[in-house]
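Biologist: Can you put the model up? I'd like to go through a few spots in it.

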Amino acid sequence: MKQHVLTTLCLIACSSMQSLYAQQIQIAGKITDSNGNPISGVTINVKGSSQGTSTNEQGLFTLNANSNTTLMLSAVGYNAQEVQVNGRKTISITLVSNEQALDEVIVIAYGTAKKHLYRLGCTGKI
């Protein structure tokens, strides 16, 4: 009797894991700007999880996620966006440019350097 119960529990566990795995699909997509140009470096995260990826130079990405998930997209200079997958395996997304982008970026670097003076014809330091 114990073996029958154990076998039944194992079958139930395996079938439930299989149904959970069956909900995972591979989502492929392309992210472009309003002019149709691909955007590289867009961060794509699955809402409510730590899963994520980013787009390549052609604006393309692939991600394994549940078929009913929500994707959160963000990129520097563009408005963040949430997209419902709704069972789609291929998604094309257009991001809207952020009009409040910085006009100018100033980079300041701090460091140290040693300066040595040499006499002509002499290899020693002054």
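Biologist: Which side chain of opposite charge is nearest to Asp33, and how far away is it?
Modeller: That is Lys30, 9.7 Å away. Asp33 is buried and has no salt bridge. Buried means under 20% relative accessible area, exposed over 50%, and partly exposed in between, with a 1.4 Å probe and protein chains only. A salt bridge needs a side-chain nitrogen of Lys or Arg within 4 Å of a carboxyl oxygen of Asp or Glu. For charge, Lys and Arg count as positive and Asp and Glu as negative, while His and the chain ends are not counted.

Biologist: What kind of model is this, and how are residues numbered?
Modeller: It is a predicted model, where local features need pLDDT of at least 70, side-chain atom pairs count only at pLDDT 80 or more, and totals for chains, interfaces and linings use all residues. Residues are numbered from 1 along each chain as its sequence is written, and side-chain values use heavy atoms, with hydrogens and water left out.

Biologist: Back to Asp33. Where is it in the chain?
Modeller: Asp33 lies in the loop between strand E1 (24–32) and strand E2 (43–46). Strands (E, at least two residues) and helices (H or I, at least four) are DSSP runs, numbered from the N terminus.

Biologist: What does the Asp33 side chain reach?
Modeller: The backbone nitrogen of Asn35, at 3.0 Å.

Biologist: And which residues does Asp33 contact, beyond four places in sequence?
Modeller: Ile39, Tyr78, Thr94 and Leu95. Contact means heavy atoms within 4.5 Å.

Biologist: How many salt bridges does the count come to?
Modeller: One. The side chains of Lys47 and Glu82 form it, at 3.2 Å from N to O. The pair links distant parts of the chain, 35 residues apart: Lys47 is in the loop between E2 and strand E3 (52–54), and Glu82 is in strand E6 (residues 81–84).

Biologist: How accessible are Lys47 and Glu82?
Modeller: Lys47 counts as partly exposed because its relative accessibility is 43%. Glu82, at 48%, also counts as partly exposed.

Biologist: Switching to the overall fold. What is the order of elements along the sequence?
Modeller: The pattern is α-β-β-β-β-β-β-β, which comes to one helix and seven strands. The protein chain has 126 residues, and 20% of them count as buried. Of the contacts between residues at least 6 apart in sequence, 45% join residues at least 24 apart.

Biologist: What about Gly29, buried or exposed?
Modeller: Gly29 counts as buried because its relative accessible area is 9%. Gly29 is in strand E1 and, leaving out residues up to four places away in sequence, touches Gly59, Leu60, Phe61 and Ile91. Its C-alpha atom is 8.9 Å from that of Thr55, 26 residues apart along the chain.

Biologist: Which residue has a positive phi although it is not a glycine?
Modeller: Asn86, with a phi of about 50°. Most residues other than glycine have a negative phi. Asn86 is in the loop between E6 and E7, and it counts as exposed because its relative accessible area is 58%.

Biologist: Last one. Where is Tyr110, and how accessible is it?
Modeller: Tyr110 is in the segment after strand E7 (90–94). Tyr110 counts as exposed because its relative accessibility is 78%.

Notes
A polar contact is a pair of N or O atoms within 3.5 Å; within protein, one must be able to donate a hydrogen and the other to accept it, and residues adjacent in sequence count only if both atoms are side-chain atoms.
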